[in-house]
Amino acid sequence: MHDIAKDQLVKKGQNPFASKAVKLKRRDRAISFGLGAATYFILACTLYIFADIAFKGIPVVLKSEAPFVNFEFFTKSPETLMTFETEGGETYKMNFSEYSQFKRDHPDVNIVEEHSHAYSGGGIFGPLVGTALLTIICITVALSVGLATAIFLNEYATKGRFMDSIRLAIMNLAGVPSIVFGLFGLMFFCLFIPVVTSEPLERSFLAIPLGGGSYFSFEGWGTCMLAGGFTLAVMILPVVIAACEESLKAIPMGFREASLALGATKWQTISKAVLPYAFPGMLTASILGITRVAGETAPIMFTAALAHKDELPWQAANSIGGFFSQSVQALPYHIYTVAARIPQSEYTKPMQYGSVFVFMVLVMTFAALSIFLRIRYRKKLKW
Amino acid sequence: MKTYMSDQEDQMTLEPQGEDAPTQEQSAVDAMETVIEVDNVSFAYIPGTDVLKDISMNINKGEVTAFIGPSGCGKSTLLRCLNRMNDLIPRAGLTQGEIRILGTDIYHPEVDVIELRKHVGMVFQKYNPFPKSIYENVAYGLRIQGVNRKSVLDEAVESSLKLAGLWDEVKDRLDSSGLGLSGGQQQRLCIARTIAVQPKIILMDEPCSALDPISTTIIEELITQLKQEFTIVIVTHNMQQATRVSDRTAYFYLGELIEMDETTKIFSNPSQQKTEEYISGRFG
């Protein structure tokens, strides 16, 4: 019952619950406003960045007429973009390969003003392929080594100070700057790791003859995707190990006990009653790992990536070993090149924003995929 | 009773009225076949602090033996010694004595703990079916032994579920997840899973403590049926449960076996003061 008479009563000062601490209340409101403002500020910044990339990147990737997608951007590798003006006052913009053709076709045309923009023409096929290959190698290596380590740490190792220090050392790796991993990869995988070869290189630290003309030579793999993939793997190992260990820890002890009590061996228990239920967690974690690895520039700039390479790995290689010892282009390194290492002009912008946009979409897709999988498996596997 | 600790035996012989009863029982016990012999066993999780102190007892074939006592008295620890589940805990182990099951010292280096556990199954406090189908849960123990022929598995699954009293409830949905069952059904599924390996002995560690009264009744009835084929050792917090299901009861206090006797005797006329205090609810 809410009527005017009652309102009057409250106003006359008969309300025992009337607010007394006006100052406190005001401060409360100010704090909640401040906290909210900080949150919205960050949100606005993020949105601005995404919107800027999308606005400038979408026109590069999509077209206004059918088939609506600029396939050239995805199927060609980066090349030099030529812009020039003829005597007649016409301006042209074309890739270097087309430009040579143009000059051959029109020998009579006098070119007045001519500019070249490195890496700004063509597309990003090479970097996409390179990043995909590096990521696949990295995830394969990181998951197998990381899973083995996590199983050992969580299921086999006796808890104690020694194991704690090992775990601490692994976790500390996560804090090492990625450029350090890049240098480590260069020294270890590119220049040191032993290979079996018939002709040891001059830079080999030590070549042990194995007989039959072959040598066990400490000369490294050279700058190649294998070295890059392994370097990336070492870099994300702490993350993968932690994620795998968390997934293993999430499996109730009851499963292990039940399995052992039925007469299963330790490995049977792990492989049949633990791992199958831990895999979803590991999968989602490793997909998140992929997004991180795909975006790293520092570890691959010395070990695997080139700014420019005409041939794709399978074109240059004639064997499986040769395939993996190819250096590659990579998307993050390509972005770094076009954004920071070439003279900037209006003609370099489309390549910059197009690459960044594609990269952003790829990363977001993987992140979304991992979230989707996690939700799905959580629903499926409940105990 | 030879199963007693020696000092208790001395005490009993000192009592004049008690003299007749033990001798009668002695012959009854001898007639029973002993499957588990615990001989002066002490056990420590951390070397130096024994949580079981010089325990000796015999467990007879085809009987249900209940371990009762207040929390932390060592009853679960002893149970887990019987199938060496305590091996999972680093540094834990027997500090003296011997446990013989079917006449063999189970802590002998020649004993394979895997084989031991096939003979001594275990049902846990918190029902723990795998997130697999009902069928695969029951077949798990056989599959890890390398049995993969469908006809064999089918038969084992059916007979185990029947024995566990679950067959009629689940026979139409053997392929659905074991986690979809109710708590009591899940616990019976765990019992079926244990039975499928055809152990001689089933250890039950407070199997009903996570269940409602109706499910508890069903499991208790099941236990009384199962003792025709298996020797059962059950740890329970619930003294009424011990009176309902067990033939013999052992009362533990602070790591010591205070008294072990026929359940009816323990609950009507215990020989030890401490037992009487506990069962009458004066503490615990």
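Colleague: What should I know before I read any numbers here?
Modeller: The model is predicted, so local features need pLDDT of at least 70, side-chain atom pairs count only at pLDDT 80 or more, and totals for chains, interfaces and linings use all residues. Residues are numbered from 1 along each chain as its sequence is written, chains are lettered from A and ligands numbered from 1 in the order in which they are written, and side-chain values use heavy atoms, with hydrogens and water left out.

Colleague: OK, chain A. Which domains is it divided into?
Modeller: Domain 1 (2-61), domain 2 (78-122) and domain 3 (125-380). Those bounds come from an automatic or database domain assignment.

Colleague: What separates the centres of domain 1 and domain 2 of chain A?
Modeller: 57 Å, taken over C-alpha atoms.

Colleague: And helix H14 of chain A, why call it largely enclosed?
Modeller: Because 7 of the 10 residues of H14 (residues 331-340) are buried. Helices here are DSSP runs of H or I with at least four residues, strands are runs of E with at least two, and both are numbered from the N terminus. Buried means under 20% relative accessible area, exposed means over 50%, and partly exposed is in between (1.4 Å probe, protein chains only).

Colleague: Which residues of H14(A) are buried, and what covers them?
Modeller: The buried ones are Leu331(A), Pro332(A), Tyr333(A), His334(A), Ile335(A), Thr337(A) and Val338(A). Their cover includes strands E1 (78-86) and E3 (111-122), plus helices H5 (125-156), H10 (266-294), H11 (298-301) and H15 (349-380) of chain A.

Colleague: Is Ser214(A) buried, exposed or partly exposed, and what does it touch?
Modeller: Ser214(A) counts as partly exposed, at 22% relative accessibility. Leaving aside neighbours within four places in sequence, Ser214(A) is in contact (heavy atoms within 4.5 Å) with Val196(A), Thr197(A), Ser198(A), Ile208(A) and Pro209(A). Val196(A) is 18 residues from Ser214(A) in sequence and 6.7 Å away in space, C-alpha to C-alpha.

Colleague: Which residues form the nonpolar patch on the surface?
Modeller: Phe184(A), Met187(A), Phe188(A), Phe192(A), Phe205(A), Leu206(A) and Ile208(A), with about 630 Å² of accessible area together. Areas come from the Shrake-Rupley method with a 1.4 Å probe, and for residues only the protein chains shown count as cover. Patches are made of residues with over 30% relative accessible area and no salt bridge; like charges are joined within 9 Å, nonpolar side chains (Val, Leu, Ile, Met, Phe, Trp, Tyr) within 5 Å.

Colleague: Now chain B. How many helices and strands?
Modeller: 12 helices and 10 strands. Chain B has 284 residues, and 52% of them are buried.

Colleague: How many salt bridges are there over all chains?
Modeller: A search of the whole structure finds 23. A salt bridge is a side-chain nitrogen of Lys or Arg within 4 Å of a carboxyl oxygen of Asp or Glu. In chain B, one of them joins Arg100(B) and Asp39(B) at 3.1 Å, N to O. Arg100(B) is in strand E4 (residues 93-101) and Asp39(B) in strand E1 (residues 34-46), 61 residues apart.

Colleague: Which side of that pair is buried, and which is partly exposed?
Modeller: Arg100(B) is buried at 19%, while Asp39(B) is partly exposed at 29%.

Colleague: What about Arg244(B) and Glu220(B)?
Modeller: Their side chains meet in a salt bridge at 2.6 Å, N to O. Arg244(B) is partly exposed, with a relative accessible area of 46%, whereas Glu220(B) is buried at 7%.
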